[in-house]
Protein chains: 6
Amino acid sequence: MPYVQIQITREGATPAQKAALIQGATELLVKVLNKNPATTFVVIDEVDTDNWGIAGETVTRLRQAAAEGGR
Amino acid sequence: MPYVQIQITREGATPAQKAALIQGATELLVKVLNKNPATTFVVIDEVDTDNWGIAGETVTRLRQAAAEGGR
Amino acid sequence: MPYVQIQITREGATPAQKAALIQGATELLVKVLNKNPATTFVVIDEVDTDNWGIAGETVTRLRQAAAEGGR
Amino acid sequence: MPYVQIQITREGATPAQKAALIQGATELLVKVLNKNPATTFVVIDEVDTDNWGIAGETVTRLRQAAAEGGR
Amino acid sequence: MPYVQIQITREGATPAQKAALIQGATELLVKVLNKNPATTFVVIDEVDTDNWGIAGETVTRLRQAAAEGGR
Amino acid sequence: MPYVQIQITREGATPAQKAALIQGATELLVKVLNKNPATTFVVIDEVDTDNWGIAGETVTRLRQAAAEGGR
């Protein structure tokens with residue numbers, strides 16, 4: 001009866017991509033630990049880029065810096 | 001000083017229902033473990049049905065299948 | 001298909017108390033939101049008192065202060 | 001490679017305040033535990049006041065009571 | 001920069017199985033969302049069977065019932 | 001009434017370091033968002049290095065590789 005939480009930035013994941021994450025994570029638990037898929041939960045949590053930080057900066061700022069660097 | 005997180009699909013829980021979950025979870029911690037309600041937090045996390053999976057499928061798809069099966 | 005996490009300090013909750021928390025939280029979701037108990041998960045997370053802080057102090061220190069104050 | 005989750009009520013935190021939380025939490029992990037900021041994640045989770053309870057009441061209700069008390 | 005939490009009951013997952021979960025979850029995020037593995041975290045949380053409930057019962061009790069039913 | 005979770009690998013953080021994390025995180029919420037420290041929770045979650053992955057590998061393996069590389 002596993003519970004999997006997948007936390008990603010909210011940057012346009014489609015319903016089909018979310019369905020693929022859910023299917024893939026469930027299959028992983030079945031394959032590796034022989035878990036029952038019927039009681040395997042997968043929850044996707046999409047986080048605004050203003051609300052996610054790495055290396056002390058928001059992802060919003062990192063995306064801006066990358067876009068500026070690409071000019 | 002317990003912390004309770006209740007994760008449900010976002011399918012129309014009303015403010016009154018949320019208040020009942022918060023009151024009930026707090027009373028449970030008081031009754032079972034004699035916790036102080038003043039420092040008991042309850043947080044409700046509503047998750048889109050596209051973002052919740054069970055048995056490898058999104059709840060969106062499971063709800064569609066159930067609706068189709070009901071015809 | 002709710003998921004409930006109950007986070008408490010590790011201070012001797014018994015198996016019977018944990019079972020009461022699990023039963024009570026499940027019944028709450030059934031009563032308030034008509035959820036299916038068969039797909040309701042409850043997970044209890046016990047946290048060492050050195051690892052839980054409130055008001056900027058560890059619970060370990062708060063318990064010591066309370067014990068000293070009680071003399 | 002720490003992961004920090006900061007859960008607050010959704011009551012108007014600005015992008016600049018969120019950036020300050022992310023920077024401050026990252027610096028804290030560097031200062032106290034000598035962690036590498038490049039692999040330090042900070043995620044801010046803003047929760048509606050209807051969905052956060054303390055002392056068995058929603059924050060929505062507590063804010064109303066405080067406003068009424070202030071008259 | 002995804003963060004994945006995999007919560008399972010503590011029932012003897014081996015280091016090799018944990019490594020397989022970590023590798024598989026990382027590959028899933030790369031394949032489905034083109035995420036950078038260098039900033040993909042996977043955290044496995046093993047929960048005692050006394051602390052996990054489903055259908056209002058602890059997993060400890062469900063395992064006992066299954067063992068008794070198998071006689 | 002914020003709730004902060006700090007997840008780190010279990011690699012010998014001392015009680016004094018944990019107390020510093022709790023104090024620092026609480027002060028951060030007070031300084032940036034003017035939160036009440038009396039209702040600010042900080043929970044530290046220490047994760048075994050076998051149970052934490054980055055870039056598809058366990059931290060246990062990354063630490064071994066680093067130690068071997070240092071010879």
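Student: Why is the pair Glu11(E) and Arg63(E) called a salt bridge?

Tutor: In this predicted model, the closest N and O atoms of Glu11(E) and Arg63(E) are 2.7 Å apart. The cut-off between a side-chain nitrogen of Lys or Arg and a carboxyl oxygen of Asp or Glu is 4 Å. The value of 2.7 Å lies within that limit, and the pair therefore counts as a salt bridge.

Student: What makes Glu11(E) and Arg63(E) a link between distant parts of the chain?

Tutor: Glu11(E) belongs to the loop between strand E1 (3–9) and helix H1 (15–33) of chain E, while Arg63(E) belongs to helix H2 (residues 59–69) of chain E; the two are 52 residues apart.

Student: Are these residues buried, exposed or in between: how is Glu11(E) classed, and how is Arg63(E) classed?

Tutor: Buried requires under 20% relative accessible area and exposed requires over 50%. Glu11(E) has 38% and Arg63(E) has 37%. Both values fall between the two limits, and each residue is therefore partly exposed.

Student: What makes Glu46(B) and Lys18(B) a salt bridge, and which parts does the pair tie together?

Tutor: Their side chains meet at 2.8 Å, N to O, which is within the limit of 4 Å. Glu46(B) lies in strand E2 (residues 41–47) of chain B and Lys18(B) in helix H1 (residues 15–33) of chain B, so the pair joins parts that are 28 residues apart in sequence. Glu46(B) has a relative accessible area of 11% and is buried; Lys18(B), at 7%, is buried as well.

Student: How do you know that Glu46(E) forms a salt bridge with Lys18(E)?

Tutor: The closest N and O atoms of Glu46(E) and Lys18(E) are 2.9 Å apart, and the limit is 4 Å. Glu46(E) is in strand E2 (residues 41–47) of chain E and Lys18(E) is in helix H1 of chain E, 28 residues apart. Both Glu46(E) and Lys18(E) are buried. Over all chains, the structure holds 18 salt bridges.

Student: How many salt bridges are there between chain C and chain E, and how many residue pairs are in polar contact there?

Tutor: Between chain C and chain E there are zero salt bridges, whereas seven residue pairs, with both residues at pLDDT 80 or more, are in polar contact. On the side of chain C that touches chain E, the elements giving two or more residues are helix H1 (15–33) and strand E2 (41–47) of chain C. H1(C) gives six residues, the largest share of that side. By class, this side has 10 nonpolar, three polar and two charged residues.

Student: How is the size of an interface often given, and what is the value for chain C and chain E?

Tutor: It is often given as the accessible area lost when the parts come together. Chain C and chain E bury about 1,100 Å² between them, with 55% of it on carbon and sulfur atoms. Ile22(C), Phe41(C) and Val43(C) supply 38% of the area that chain C buries against chain E, more than any other three residues. The contact involves 15 residues of chain C and 11 residues of chain E.

Student: How do you know that E2(C) and strand E3 of chain E pair?

Tutor: Pairing needs at least two bridges.

Student: Why is Asn51(C) called buried?

Tutor: Asn51(C) has a relative accessible area of 4%, and buried means under 20%. Asn51(C) therefore qualifies as buried. The residue sits in the loop between E2 and strand E3 (52–54) of chain C.

Student: What makes the approach of Asn51(C) to Glu46(F) a polar contact?

Tutor: The side chains of Asn51(C) and Glu46(F) make this contact at 3.1 Å, within the 3.5 Å limit. Among the residues that Asn51(C) touches are Lys18(F), Ile22(F) and Val43(F).

Student: Why are the strands E4 of chain A and chain C said to stand at the edges?

Tutor: The open sheet has eight strands in the order E4(A)-E3(A)-E2(D)-E1(D)-E1(F)-E2(F)-E3(C)-E4(C), with mixed pairing. Strand E4 (57–58) of chain A and strand E4 (57–58) of chain C each have a single partner strand, so one side of each has no neighbour in the sheet. Elsewhere in this order, strand E1 (residues 3–9) of chain D and strand E1 (residues 3–9) of chain F pair antiparallel over five bridges, and Tyr3(D) stands opposite Gln7(F).

Note on methods
Residues numbered from 1 in each chain as written. Chains lettered and ligands numbered in written order. Predicted model: local features only at pLDDT ≥ 70, side-chain atom pairs only at ≥ 80, totals over all residues. Heavy atoms only, no water. Contact = heavy atoms within 4.5 Å. Buried area = accessible area lost by both parts, 1.4 Å probe. Polar contact = N/O pair within 3.5 Å; in protein donor to acceptor, adjacent residues only side chain to side chain. Helix = DSSP H or I, 4+ residues; strand = E, 2+ residues; numbered from the N terminus. Nonpolar A, V, L, I, M, F, W, Y, C, P; charged D, E, K, R; others polar. Buried < 20%, exposed > 50% of the residue type's maximum accessible area, 1.4 Å probe, protein only. Lists of a residue's contacts leave out its neighbours within four places in sequence.
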